[in-house]
Amino acid sequence: MSDFEQQVRQYQDRVFGFAQYFMKNREAAQDVTQDVLIRFWEHHEEVDDDRTLGWLLRVTRNACIDALRKRKTRRNAVTVNTEGLDRAQSTKRAPDDEAEASDFRDHIEEALDHVDEPYRSVIILREIQHLKYREISEALDMPMNTVKVYVHRGRKKLRKQLAEVIEHETA
Amino acid sequence: MDDRVEAYVDGDLSADERARFEGILDEQPHWQAQVSHAKRIRDALHRMPQPTCPPQVTDAVMSRARRRSNGQATTAEHWWNWIWRELDIEMQTGWKPALAFATLLMIIVTSSLLTDPQSTAGLLDQPTVSQQYSPTEIQRAESQAKWAIAYIAQVGQTTGSTMERAIFEEHMAAPIRRALRPLSDSNGPTQPSNR
């Protein structure tokens, strides 16, 4: 149990951070994190220590995709868009001196939400969570060169999404 | 050109590509702006906050893991408790001595199996057994024990899973059968009569 607890404490922020950026919803990210770590409890003896992070992130990504799919289905069923509520919960306004940077972060989060997979995952893992290419390659089960290409493509997609915002700011 | 902006910002272009790219940058402000945008996005991404997992999530995970861990340990207990409870309720008064004998036998055989499996085969055919009991007593005890085993086996089968029956067969019924074999060989087969 203590080994497991140690691993949970080592990786929980990675799992939660990925889930929060992927889902843009703190409560949903908590649920996913809990489910993933419980699943890890069931399998932790089968997972090699040096592959634990890759295993956790792969399971987290799949859990996020499933959860988003279910959430989308529910939203369609009740025809209520709760995206605004989600953002209100997940966005904390910073003091005035950081307001501009915070606003731009909000724009990035919003733009990231419109980036399709696997680019979104690659961007989160590489650019936000600063994982090594090898770790991302393991987590997403793709060659390292492909990860590098996807990082650039993903950021290009963000650049297109944010073009209007940036031009508006600089005008 | 557009595909190379991010690679240029990350310094991933070869020397030739970089020189060519910078030649175009010098002449076209549009690409200068794109490089500037790309840098700003990359820098902002790198400075995004790192969320911390709330402690209640960790607590919930550890608590569930502990519960499941304890639950696994009590599954076996639960099965055996169920058998004994069933035996206690359904066992007819006349069979209780047989059950007591079978239980004693099972404890002896199982514990000897766990401690020294090699010694089990000869456990009951040691001289002390045949010296202490008459052939009739041994035959009667064997018959009672077989009935008890048959009853317990039936209870085990009604508990459901194949796994549990397999555990019962491997750890209880088979060792007792093996232990009784020397007695059967010396006294001849004794079949329990139908109830």
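Predicted model: local features only at pLDDT ≥ 70, side-chain atom pairs only at ≥ 80, totals over all residues.

Trainee: Let us begin with the interface, then: how many residues of chain B are in contact with chain A, and what is the area buried between them?

Mentor: On the side of chain B, 36 residues are in contact with 40 residues of chain A, and the area buried between the two chains is about 3,700 Å², of which carbon and sulfur atoms give 61%.

Trainee: How should I read the charged residues, and how many salt bridges does the rule find across the interface?

Mentor: The general idea is that side chains of opposite charge can pair when their charged atoms come close. Over all chains the structure holds 20 salt bridges, and across the interface of chain B and chain A the rule finds 6. One salt bridge is formed by the side chains of Asp2(B) and Lys160(A), at 2.6 Å from N to O.

Trainee: Where do Glu5(A) and Arg66(B) lie?

Mentor: These two residues form a salt bridge in which the closest N and O atoms are 3.8 Å apart. Because Glu5(A) lies in helix α1 (residues 2–23) of chain A and Arg66(B) in helix α4 of chain B, the pair joins two chains. Glu5(A) counts as partly exposed at 21% relative accessibility, and Arg66(B) counts as partly exposed at 40%.

Trainee: What about Glu6(B) and Arg159(A): are they buried or exposed?

Mentor: Their side chains meet in a salt bridge of 2.8 Å, N to O. Glu6(B) lies in helix α1 of chain B and Arg159(A) in helix α8 (residues 144–170) of chain A, so this pair too joins two chains. Both Glu6(B) and Arg159(A) are buried. Elsewhere, salt bridges that share partners join Glu127(A), Arg155(A), Asp10(B), Arg42(B) and Asp43(B) into one network.

Trainee: How do I read a charged pair within one helix?

Mentor: An α-helix has 3.6 residues a turn, so residues three or four places apart point the same way. Here, Glu138(A) and Arg134(A) both lie in helix α7 (residues 133–140) of chain A, 4 residues apart, which is about one turn of the helix, and they form a salt bridge whose closest N and O atoms are 3.3 Å apart. Glu138(A) is partly exposed, with a relative accessible area of 23%, and Arg134(A) counts as partly exposed at 40%.

Trainee: Finally, which residue caps the N-terminal end of α2(A), and which residues of that helix are buried?

Mentor: The cap is Asn25(A), which has a side-chain oxygen 3.0 Å from the backbone nitrogen of Glu27(A). Helix α2 (residues 26–43) of chain A has 18 residues and reaches 25 Å from its first C-alpha to its last, close to the 26 Å expected at 1.5 Å a residue. Its buried residues include Val32(A), Val36(A), Leu37(A), Phe40(A) and Trp41(A), with Gln30(A), Thr33(A) and Gln34(A) also among them.

How values were computed. Residues numbered from 1 in each chain as written. Chains lettered and ligands numbered in written order. Heavy atoms only, no water. Contact = heavy atoms within 4.5 Å. Buried area = accessible area lost by both parts, 1.4 Å probe. Salt bridge = Lys/Arg side-chain N within 4 Å of Asp/Glu carboxyl O. Buried < 20%, exposed > 50% of the residue type's maximum accessible area, 1.4 Å probe, protein only. Expected span 1.5 Å × (residues − 1). Polar contact = N/O pair within 3.5 Å; in protein donor to acceptor, adjacent residues only side chain to side chain.
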